[in-house]
Amino acid sequence: MSKLPRALQNLSLPVIGSPLFIISNPKLVIEQCKAGIVGSMPALNARPAAQLDDWLHEITETLAAYNRANPDRPAAPFAINQIVHKSNDRLEHDMQMVVKYKVPIIITSLGARVDVNEAIHSYGGVVLHDIINNTFAHKAIEKGADGLIAVAAGAGGHAGIKSPFALVQEIRQWFDGPIALSGAIANGGAVLAAQAMGADFAYIGSAFIATHEARASEEYKHAIVEGSSDDIVYSSLFTGVHGNYLKKSVRAVGLDPDNLPESDPTKMNFGGGEGSKPKAWKEIWGSGQGIGAVTEVTSAAALVARLKREYEAARTRLLREPQALVAA
């Protein structure tokens with residue numbers, strides 16, 4: 001068993017809802033947490049920056065009220081994602097806000113920083129850092145992160161190219177702390193599979209795009225429902241960092257998803273397009289390869305309920321039919 005911090009010990013399902021740029025909002029985060037999984041959103045989704053104060057107040061007060069009314073089944077903790085890359089000129093302000101509200105979990109991306117980790121640890125918060133390979137995993141832990149989010153092949157948005165089997169295996173050879181696995185996970189059986197590989201949690205994002213609470217267009221939501229892994233393209237064109245996107249959205253701006261040029265990695269842009277370049281996340285829709293499991297637009301609560309049913313069914317099947325594993 002991994003050494004899990006208290007904030008991550010009592011989830012009703014071992015799932016962390018990943019922070020979806022532009023799409024995640026307090027309403028979605030709150031419903032994820034009430035359903036028993038970690039809900040999260042990027043700090044940068046609050047625009048202007050002053051809105052982050054209002055949003056964190058809304059989330060903390062709503063979940064506190066829920067917990068008072070439901071002491072036997074309290075909400076899961078929530079997380080805020082911080083982009084710690086030098087291009088984020090809001091980081092200092094946004095860090096002041098998460099410290100003010102003592103946000104339980106911080107997910108850091110695009111660079112590991114000792115000062116950020118120390119600020120979160122000052123009030124007892126937990127830092128999870130997302131990585132795409134074992135080298136970056138070592139650096140994150142060395143700089144004080146408490147846990148890792150292993151972003152494997154097939155994940156939505158910025159994603160790595162490593163097989164989840166290889167990535168988790170290599171990290172587990174030296175790290176016994178919390179690991180969340182990201183990459184094409186959209187049903188309960190895949191959540192259980194992530195644990196079987198050595199991860200503690202599944203990190204799920206794309207499936208939550210197709211929820212009523214998500215701040216995505218109806219066209220985007222239905223593209224998730226109608227899509228499959230064949231509808232995903234992996235490209236660095238839109239932000240300077242490789243990511244997975246829906247081909248439908250690429251075609252909609254007049255580009256051929258099967259013939260996209262590479263982008264200059266020194267000109268990373270996480271707020272959208274550059275000049276005449278289509279805007280990532282707003283016009284070019286991020287999505288992981290697991291969307292074939294998403295068959296309807298539904299509520300976040302209903303999605304989590306489905307994941308729970310599938311997870312328990314998968315566990316029961318393995319317990320009742322262990323010979324099936326041997327035969328396979």
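Helix axes in this tour are lines fitted to C-alpha atoms, taken for helices over the stretch in contact, and the angles between N-to-C directions run from 0 to 180 degrees. Helices (H or I, at least four residues) and strands (E, at least two) are DSSP runs, numbered from the N terminus. The model is predicted, so local features need pLDDT of at least 70 and side-chain atom pairs count only at pLDDT 80 or more, while totals for chains, interfaces and linings use all residues. Residues are numbered from 1 along each chain as its sequence is written, and side-chain values use heavy atoms, with hydrogens and water left out.

**Stop 1: two helices**

Select helix H2 (residues 51–69) together with helix H3 (residues 91–100), whose axes come within 10 Å and cross at roughly 20°. That angle makes H2 roughly parallel to H3, the cut-offs being under 35 degrees for roughly parallel, over 145 for roughly antiparallel, 65 to 115 for roughly perpendicular, and oblique for the rest. To see the contact (heavy atoms within 4.5 Å), show Leu52, Asp53 and Leu56 in H2, which meet Asp94, Met97, Val98 and Lys100 in H3. Sorted by class, this contact of H2 with H3 has 4 nonpolar, no polar and 3 charged residues, where Ala, Val, Leu, Ile, Met, Phe, Trp, Tyr, Cys and Pro count as nonpolar, Asp, Glu, Lys and Arg as charged, and the others, Gly among them, as polar.

**Stop 2: aromatic rings**

Next, display the aromatic side chains; a search of the whole structure finds 5 aromatic pairs. Rings of Phe, Tyr and Trp (its six-membered ring) pair if their centres lie within 6.5 Å, and planes under 30 degrees apart count as stacked, over 60 as edge-to-face and the rest as tilted. Trp174 and Phe175 form a tilted pair, at 5.6 Å centre to centre with 50° between the planes. Trp174 counts as partly exposed at 31% relative accessibility, whereas Phe175 counts as buried at 8%; buried means under 20% relative accessible area, exposed over 50%, and partly exposed in between (1.4 Å probe, protein chains only).

Move on to Tyr220 and Trp285, whose ring centres are 4.7 Å apart with planes at 10°, so the pair is stacked. Tyr220 lies in helix H9 (residues 218–226) and Trp285 in the loop between helix H10 (247–252) and helix H11 (300–320), so this pair ties together parts that are 65 residues apart in sequence. Both Tyr220 and Trp285 are buried. Then select Phe21, Phe238, Tyr245 and Trp281, which ring pairs link into a cluster.

**Stop 3: a glycine in a loop**

Centre the view on Gly36, in the loop between helix H1 (26–34) and strand E2 (39–42), where Gly36 counts as buried at 8% relative accessibility. Leaving aside residues up to four places away in sequence, Gly36 touches Leu11, Ser12, Leu13 and Ala76.

**Stop 4: backbone details**

Inspect the peptide bond from Arg47 to Pro48, which is cis, with omega near 5°; Pro48 is placed in the loop between E2 and H2. Continue to Ile22, in the loop between strand E1 (15–17) and H1, where phi is near 75°, a positive value in a residue other than glycine. Ile22 is partly exposed, with a relative accessible area of 29%. Finish at Leu110, in the loop between strand E4 (105–109) and helix H4 (114–121), where phi is near 60°, again a positive value in a residue other than glycine, and where Leu110 counts as partly exposed at 26% relative accessibility.
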